[in-house]
Amino acid sequence: MASTVLKVAGASLSACARLTLLRAHSTTAVLRQGIPGPLWKLGRLNHIAIAVPDMEKATALYRDVLGATVSDKVPLPEHGVYTVFVELGNTKLELLHPLGEKSPIAGFLQKNKSGGMHHICIEVDDINAAIADLKAKNIRTLSAEPRIGAHGKPVMFLHPKDCDGVLVELEEA
């Protein structure tokens, strides 16, 4: 089977190079047509949250055994949890323990006695634009409006059934 070669400025291009050129051209054409880009942007992984049945034991594991820097235990009554953050350099772990019997973490620990991964948190540059866009794409949220999270910034949780079984927290960067 003969290969077709396209010549551009005197140089021969392979089929792969032609495809790359076509993609670049079609992207440029779309941009020229005035179609706006996304209104918000997904950022870096902020943290992975782990529900723990014994906060002191979990904190000691990361601090004393693994040598990580850990924060103090902080109560967040509006979320029904105690938190401890474990610094990892490129991200954090958030240790979660129930604050009261109605805590969502208490329910999680009833089903998972030894604890486990609870959610992931990803930063977004504009949480309100992200929420509006995701709702328009039929992604459910766990509350009507963003709330202030552990870092003092607005957060929103996305329904795990709409996110491949993962509870996703968005946090405004």
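## Strand β7 and its surroundings

Analyst: Strand β3 (residues 42–51) and strand β7 run parallel to each other and are joined by five bridges. This is a predicted model, in which local features need pLDDT of at least 70 and side-chain atom pairs count only at pLDDT 80 or more, while totals for chains, interfaces and linings use all residues. Residues are numbered from 1 along each chain as its sequence is written, and side-chain values use heavy atoms, with hydrogens and water left out.

User: What makes β3 and β7 a pair?

Analyst: Two strands pair if DSSP finds at least two bridges between them, and the five bridges between β3 and β7 meet that requirement. Within this parallel pairing, Ala-51 stands opposite Leu-96 of β7.

User: How do you know that β6 and β7 pair as well, and in which sense?

Analyst: Strand β6 (residues 81–87) is joined to β7 by seven bridges and the two run antiparallel, with Phe-85 placed opposite Glu-94 of β7. The two strands form a hairpin with four residues between them, where Gly-89 has a positive phi near 95 degrees. Both are strands in the DSSP sense (E runs of at least two residues, whereas helices are H or I runs of at least four, numbered from the N terminus).

User: Why is β7 described as largely enclosed?

Analyst: Buried means under 20% relative accessible area, exposed over 50%, and partly exposed in between, with a 1.4 Å probe and protein chains only. Seven of the seven residues of β7 (residues 92–98) are buried, so the strand is largely enclosed by the rest of the structure. Lys-92, Glu-94, Leu-96 and Pro-98 point one way from β7, whereas Leu-93, Leu-95 and His-97 point the other way, and all are buried.

User: What makes Lys-73 count as lying over the ring of Tyr-82?

Analyst: The criterion asks that NZ of Lys or CZ of Arg be within 6 Å of the ring centre and within 35 degrees of the ring normal; Lys-73 lies over the face of Tyr-82, at 4.6 Å from the ring centre.

User: Why do Asn-138 and Asp-164 count as exposed?

Analyst: Asn-138 counts as exposed because its relative accessibility is 65%, and Asp-164 because its relative accessibility is 81%. Asn-138 lies in the loop between α4 (127–136) and β9 (147–148), and Asp-164 in the loop between β10 (154–158) and β11 (168–172). Most residues other than glycine have a negative phi, yet Asn-138 has a positive phi of about 65 degrees and Asp-164 one of about 55 degrees.

User: How do you know which part of the model calls for caution?

Analyst: The guide is pLDDT, the predictor's confidence in each residue, from 0 to 100. The chain averages 85, and 79% of the residues score at least 70, but over residues 1–32 pLDDT stays under 50, and the model has 15 contacts beyond four places in sequence for them. Where pLDDT is low, the predicted coordinates should not be read in detail.

Notes: Contact = heavy atoms within 4.5 Å.
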